[in-house]
Amino acid sequence: MENIKIPVGRSGFADIRMNNYYFADKSGLIEELLKTDATQVTLITRPRRFGKTLNMSMLSEFFDIRKDSKALFKGLAIAENEELCTKWMNQYPTLFLTFKDIGGNTFENAYGLLETVISNLCKSHEYLTKSEVVNENDKLVFLELSLGNARKKDLQTSIALLIRMMQAYYGKPVILLVDEYDVPIAKASGNRGEKEDYYEQMMEVIRPLISTAIKDNDSLKFAVFTGCLRIAKESIFTGTNNFVSDTISDTRLNEYFGFTQAEVNVLLEKTKLMDHIDEIKKWYNGYQFGDFDIYCPWDVMNYVNNLIMNPKAEPKSYWENTSDNAIIRSFLERTQFDVNEKFEELLDGKYILEPIEETLTYDVLESSEENLWTLLYFTGYLTTIQIEEKLPFGLFALKIPNAEVMDIFRKSVKSWFYDHASMSDRSKLFFALWNGEAETLTNLLSDLLFDTISYHDYRESFYHAFLVGLVSNAGYRVESNYENGLGRSDIVVKDRRNRRAFIIEAKWTESEQNLDKVCEQAMRQIEERQYVKKIERMGYKTVVPFAMAFWKKQCLVKVKKE
């Protein structure tokens, strides 16, 4: 095996190249962007962890006039184009900043983080204050920005100020690179509950911060923005000329974000891990970006790194831990949308047909079901697939891309159900359980199953998760031997205060006709293994045993009364 160093958690191009970390050559992105260098603004939207920050760092190293980057690009594809490198490499003043860390639960916190980002940016260009060709008034504002003491209106135009000062200093127009431009807006949108004005306040800052930097700015050579969503032009990029957006629906730049099959093959061959190709494909492939079949690079690199350290490592969800995945929960909690059947289709590995809206604003993302499917698509939770039937204009076939995202969906649905169940009125359910009302329980549980999003193909594990969710967090002690891996499937709920308990033995069947038979089998198991007597010996006076049989969304309950 070659001595391959996997750069997990590293997104600085210079750091990766200088320290000889593994790098999948994406330098062709530079040449592709420069084919349309007359374009004033290019917006590139991709899901999180698909290489946006690393690529922007690469662009910065290539263009920045303050650097000598020839050694960093040696051996990469772009270095073969000597004419382009002579014309562009380290030839333009370059302003590179990222908004990826500008978040917080309040506008005040987010604004403070933005002040810090701008302050650090100014400090990195402190040389501008020592120039005689830079406007003296601009220097005064620059100083206040550096100290974090600038007025709000000065912060709102700070990027335009820096561009103007850099153009004056170098006598050349400036290249602007803004990574994760929409993070502050997304964070504000996700925290609108207690303070409804958070989003409006953030937009009041971000809109002029960007628009003054790119609109009719003669000091600007061109700008490249990255983010997860293309916010509607009328919202952020108002009046911007020569605006080009590249999304996962396009084909022009998609091979430069994420790993192609060829790139994964090279990595696995170099690390002698080709025997893991099938599981890596199952877990981390499946994204259709334009005409390209794409892997999530964050997952591939993490798993390969783990395999290098531990050849027996199993694939798992690495992408899940980079976000709270609240988007799925927000969808499920929208009671005005009837999406249960669509979620079940997705969880069963099938596809759904939905429209995709290319341009949205964050303030309307959750205003319609169509917008939320769009959000799931552009943020990487769903992908498009090609199907045989011809679809009406505007409709797309969407499915969950791989095992990792399927796992995220299932965990989100399970968590949502547990929380939903714990906050619902379960008085009728527990009354029937404590009083041994089998017929009432049969009807109640069948109704609840109908309203529940099912997964795991209705296997026994699904029904146990369903039942545990219903009886948990109600003030009683819940013991689930199935969940504890003890080889038994009974659930015991104990009410110590009243010295009572009930037992549930749940089984499933593949046939509706077998419900009664399977239910009798469950009751015999309770009797043969003497579950009731074991609990009575603990001092419980009343123990109610229930046998339950499930087929899809139907339930049959029987009770053994002494």
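User: Leaving aside neighbours within four places in sequence, which residues is N402 in contact with?

Analyst: In this predicted model, N402 is in contact with K282, W283, Y284, N285 and Y287. Contact here means heavy atoms within 4.5 Å.

User: Where is the place of N402?

Analyst: N402 sits in the loop between β10 (395-399) and α18 (403-423).

User: Why does N402 count as buried?

Analyst: Its relative accessibility is 6%. The cut-off for buried is under 20%. N402 therefore counts as buried.

User: What does the side chain of N402 reach, and what makes that a polar contact?

Analyst: The N402 side chain reaches the backbone oxygen of N285 at 2.8 Å. A polar contact needs a pair of N or O atoms within 3.5 Å. The 2.8 Å value therefore meets that distance limit.

User: Why is D68 called exposed?

Analyst: D68 has a relative accessible area of 70%. Exposed means over 50%, so D68 qualifies. D68 lies in the loop between α3 (52-63) and α4 (70-73).

User: What separation do the C-alpha atoms of D68 and N90 have?

Analyst: They are separated by 6.4 Å. Along the chain, D68 and N90 are 22 residues apart.

User: How do you know that the span of α22 is close to the expected one?

Analyst: Helix α22 (residues 515-528) has 14 residues. From first C-alpha to last, α22 reaches 20 Å. At 1.5 Å a residue, 20 Å is expected. The span of α22 is close to that value.

User: What makes the buried residues of α22 line one face?

Analyst: The buried residues are L515, V518, C519, A522, M523, Q525 and I526. Seen down the axis of α22, they fall within an arc of 155 degrees, so they line one face of the helix. On the other side of α22, K517 and E528 are exposed.

User: Which elements do the buried residues of α22 pack against?

Analyst: They pack against β13 (500-508), α23 (531-536), β14 (542-551) and β15 (554-559). Just after α22, Q530 takes a positive phi of about 55 degrees.

User: Why is β13 called largely enclosed by the rest of the structure?

Analyst: Seven of the nine residues of β13 are buried, so β13 is largely enclosed.

User: How do you know that β12 and β13 pair?

Analyst: Pairing needs at least two bridges. Strand β12 (residues 490-495) and β13 have six, in the antiparallel sense. One of the bridges links K494 to A501 in β13. The two strands form a hairpin with four residues between them. In the turn, R499 has a positive phi of about 50 degrees.

User: In which sense do β13 and β14 pair, parallel or antiparallel?

Analyst: β13 and β14 pair in the parallel sense over nine bridges. W508 has F550 in β14 as its bridge partner.

User: Why are β8 and β9 called edge strands?

Analyst: Three strands form an open sheet in the order β8-β10-β9, with antiparallel pairing. β8 (352-355) and β9 (383-384) each pair on one side only. That makes them the edge strands.

User: How many bridges join β8 to β10?

Analyst: Four bridges join them, and the two strands run antiparallel. P355 has L395 in β10 as its bridge partner. Helix α17 (residues 369-378) packs on the sheet, touching β8, β9 and β10. The direction of α17 makes about 105 degrees with that of β8.

Methods: Residues are numbered from 1 along each chain as its sequence is written. This is a predicted model: local features need pLDDT of at least 70, side-chain atom pairs count only at pLDDT 80 or more; totals for chains, interfaces and linings use all residues. Side-chain values use heavy atoms; hydrogens and water are left out. The expected span of a helix is 1.5 Å times one less than its number of residues. Buried means under 20% relative accessible area, exposed over 50%, partly exposed in between (1.4 Å probe, protein chains only). The arc is that of the directions from the helix axis to the C-beta atoms. A polar contact is a pair of N or O atoms within 3.5 Å; within protein, one must be able to donate a hydrogen and the other to accept it, and residues adjacent in sequence count only if both atoms are side-chain atoms. Axes are lines fitted to C-alpha atoms, for helices over the stretch in contact, and angles run from 0 to 180 degrees between N-to-C directions.
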